[in-house]
Amino acid sequence: MSISHGIRRAGVIGAGQMGLGIAFVSAVHAKVPVLLHDRSSAQIKSGLSFFDKLLAKDVSKGKLTSEAAKEARDRVAVVDDLKGFKDADLVVEAVSENLAVKQGIFRTLSAELSPKTILATNTSSISITKIAASTIPEGKTAADPEGKESASRVVGLHFFNPVPVMKLVELIAAAQTSEETLNRARAYASACGKEVTYSKDVPGFVANGLLMPFINEAILMLEKGIATREDIDKTLKLGMNHPMGPLQLADFIGLDTCLAIQQTIHNGTGDSKYRPSVLLERMVDAQWYGKKSGKGFYDYP
Ligand code: CAA
């Protein structure tokens with residue numbers, strides 16, 4: 001028996017590449033009204049203009065009618081602060097990979113929103129259990145009914161970039177997540193047009209537990225001068241049919257994001273295969289974040 005997600009209105013925090021994509025699939029595929037928040041109004045502006053471009057491209061390719069595109073666009077509204085999500089049944093947080101920032105957001109969401117609102121995080125590697133614990137109301141404990149209820153509606157919904165294209169969502173339960181939250185979050189990701197896989201709450205989950213050592217190994221090979229960046233990428237593209245080589249993919253994900261994920265997994269596991277390379281650290285020190293900053297392993301004029 002399929003479970004209804006029961007989400008009448010969704011919220012998305014962060015209008016960067018991930019948040020915008022989540023808002024897009026929510027409005028276009030799940031067809032629910034979407035509230036979008038970003039602390040930067042410039043980010044909202046550029047995000048919404050990209051949203052319009054994606055809709056126009058889908059209309060020109062015959063994937064959407066112009067009426068359906070207009071309806072999808074009309075479903076999206078901007079909210080100025082986290083209180084603006086009070087009518088949402090599910091809020092997905094998609095801000096940078098920083099535990100303290102995410103905990104601050106979840107603390108505010110739990111104080112401002114009904115305990116029935118599902119709180120999802122798009123984190124790529126951070127413990128969902130730690131994020132869930134930050135929603136326990138002040139003065140309550142994890143054992144109090146209010147503490148249990150609040151943490152039980154937190155879940156991991158890990159989308160992949162570019163969200164409108166990549167077919168996967170990783171679903172992750174915190175130690176505190178209720179069965180109902182998990183089932184509704186799974187149903188929501190399906191309504192967004194995604195296949196859902198499940199991972200335990202371990203650092204990096206399945207996707208980045210596999211992907212990050214692979215990317216790091218490519219960076220180490222470049223650092224050691226074993227091959228050029230082009231030949232490393234070409235090896236995986238032409239030899240293994242990957243759509244992008246690992247260095248190109250790292251630029252695409254964002255080198256700051258790759259570093260943050262590797263640090264979280266390395267700190268969480270102590271396993272040296274997740275230790276970031278010095279080259280990656282130095283590139284992030286130089287603010288060469290990959291495609292989004294115009295420079296990474298490649299240049300993006
Ligand atoms: N947003 C939305 N759509 C995009 C896009 C973007 N940023 N970039 C490309 N697309 C769309 C294009 O519009 C095009 O759509 P249509 O089929 O409707 O025309 C489609 O993707 C293919 O694009 P292109 O023809 O321009 O280019 P391509 O064939 O080279 O594909 C790609 C581009 C889809 C990005 C492909 O290179 C690819 O699949 N790369 C690997 C991406 C990947 O591995 N993503 C996961 C990263 S890991 C992650 O996100 C999670 C994490 O925790 C780190």
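Domain bounds here come from an automatic or database domain assignment. On that basis the protein splits into domain 1 (10-200) and domain 2 (206-293). Their C-alpha centres lie 26 Å apart. The model is predicted.

**Domain interface**

- Contacts between the domains involve 11 residues of domain 1 and 10 residues of domain 2.
- The size of an interface is often given as the accessible area lost when the parts come together.
- For domain 1 and domain 2, the buried area is about 780 Å².
- Carbon and sulfur atoms give 58% of that buried area.

**Ligand shell: make-up**

**Ligand shell: polar distances**

- In the side chain of Lys61, an N or O atom sits 2.4 Å from an oxygen atom of the ligand.
- For His158, a polar side-chain atom is 2.7 Å from a ligand oxygen.
- For Lys57, the distance from a side-chain N or O atom to an oxygen atom of the ligand is 2.8 Å.
- The ligand taken alone exposes 1,000 Å², and the protein buries 66% of that area.

**Cis peptide at Asn161-Pro162**

- Asn161 and Pro162 are joined by a cis peptide bond, with omega of about 0°.
- Pro162 belongs to the loop between strand 6 (154-159) and strand 7 (168-173).

- Lys31 is not a glycine, yet its phi is positive, at about 60°.
- Lys31 is placed in the loop between helix 1 (17-28) and strand 2 (34-37).
- Arg75 is in the loop between helix 3 (66-74) and strand 3 (76-78).
- The Arg75 side chain reaches the backbone oxygen of Ala27 at 2.7 Å.
- Setting aside neighbours within four places in sequence, Arg75 is in contact with Ala27, Lys31, Val32, Pro33 and Val34.

Notes
Residues are numbered from 1 along each chain as its sequence is written. This is a predicted model: local features need pLDDT of at least 70, side-chain atom pairs count only at pLDDT 80 or more; totals for chains, interfaces and linings use all residues. Side-chain values use heavy atoms; hydrogens and water are left out. A polar contact is a pair of N or O atoms within 3.5 Å; within protein, one must be able to donate a hydrogen and the other to accept it, and residues adjacent in sequence count only if both atoms are side-chain atoms. Accessible areas come from the Shrake-Rupley method with a 1.4 Å probe; for residues, only the protein chains shown count as cover. Contact means heavy atoms within 4.5 Å. Buried area is the accessible area (1.4 Å probe) that two parts lose on being put together, summed over both. Helices (H or I, at least four residues) and strands (E, at least two) are DSSP runs, numbered from the N terminus.
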